[in-house]
Amino acid sequence: MPGLEQLALQAGRELEDASALEILSWAADTFGERFCVTSSMEDAVVAHLASRARPGVDVVFLDTGYHFPETVGTRDAVAAVMDVRLITLAPRRSVAEQDAEHGPRLHDRDPDLCCALRKVKPLEEGLRAYDAWATGLRRDESPTRAHTPVVGWDARRGKVKVSPIARWTQDDVDTYVAEHGVLTNPLLQDGYASVGCAPCTRRVREGEDVRAGRWAGRAKTECGLHE
């Protein structure tokens, strides 16, 4: 589709004050089958919204091989009860194969490389069939996400990036979950504020940033998918 970057930037301006459902409806109408939602299965809010905008929408999940059982269970539940087409992406190498090549516990020694191999590369390959993808990024989650546009240009991948709940707060998410009975990861009720791979995620302490439990003790704040 020609002019994608200009389309994204214009839509970002025009849809800044639109509702999440309106933003997703625009994306679904504009890109059709070349639009997908990505989900970490922390919750299914954006997947649920997208299924209202486009029933049967593709929802892409990255199975890194390091997920909590609760996360995989949330994925399976979403696939079973929501009007979406669940697509699971996996790295080219299993955890055992990665350990054989790079040594065990790469996530402790070089988390950036581990994320690149198990998240960034598989997603880049999995998104080749799409012109636009949706995320659950919110501006209130961390300083690195404070300026997330509702529609923007993903220059690295050459795709339109849609963040329909960028303007939402955690209260907005909680309200939507309660009103629509949306599936959430059980770990959110067990002290985890943000859910990633098990080796690199811990519970957060009172007063900590919502993403403080990710790569705790390191300067790393993002896995590379949204940088």
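Helices (H or I, at least four residues) and strands (E, at least two) are DSSP runs, numbered from the N terminus. The model is predicted: local features need pLDDT of at least 70, side-chain atom pairs count only at pLDDT 80 or more, and totals for chains, interfaces and linings use all residues. Residues are numbered from 1 along each chain as its sequence is written, and side-chain values use heavy atoms, with hydrogens and water left out.

**Exercise 1. The chain as a whole**

Task: State how many helices and strands the protein chain has, and in what order its elements run.

Solution. 
Step 1. The protein chain has eight helices and six strands.
Step 2. Starting at the N terminus, the order is α-α-β-α-β-α-β-α-α-α-β-β-β-α.
Step 3. The radius of gyration, taken over C-alpha atoms, is 17 Å for the protein chain, close to the 17 Å that the globule rule gives for 227 residues, so the chain is as compact as a globular protein of that length. The globule rule is 2.2 Å times the number of residues to the power 0.38.
Step 4. The C-alpha trace spans about 45 × 40 × 35 Å along its principal axes.

**Exercise 2. Burial, contacts, surface and charge**

Task: Find what share of the protein chain is buried, what share of its contacts is between residues 24 or more positions apart, and how its surface and charges are made up.

Solution. 
Step 1. Buried means under 20% relative accessible area, exposed over 50%, and partly exposed in between (1.4 Å probe, protein chains only). Of the 227 residues, 49% are buried.
Step 2. Contact means heavy atoms within 4.5 Å. Among contacts with a separation of 6 or more, 69% join residues 24 or more positions apart.
Step 3. Accessible areas come from the Shrake-Rupley method with a 1.4 Å probe; for residues, only the protein chains shown count as cover. The protein chain exposes about 10700 Å², and carbon and sulfur atoms supply 49% of that area.
Step 4. Lys and Arg count as positive and Asp and Glu as negative, while His and the chain ends are not counted. A charge is placed at NZ of Lys, CZ of Arg, CG of Asp or CD of Glu. The chain has 29 positive and 36 negative charges, and their mean positions are 5 Å apart.

**Exercise 3. Positive phi**

Task: Give the phi of Met41 and of Arg105, and the loop that holds each residue.

Solution. 
Step 1. Met41 is not a glycine, yet its phi is positive, near 65°.
Step 2. Met41 lies in the loop between β1 (35–38) and α3 (45–53), and at 1% relative accessibility it counts as buried.
Step 3. Arg105, also not a glycine, has a positive phi of about 55°. Its place is in the loop between α5 (95–102) and α6 (106–109).

**Exercise 4. Asp174 and Pro55**

Task: Decide whether Asp174 and Pro55 are buried, partly exposed or exposed.

Solution. 
Step 1. Asp174 is in helix α8, and at 40% relative accessibility it counts as partly exposed.
Step 2. Pro55 is in the loop between α3 and β2 (57–62). With a relative accessible area of 54%, Pro55 is exposed.
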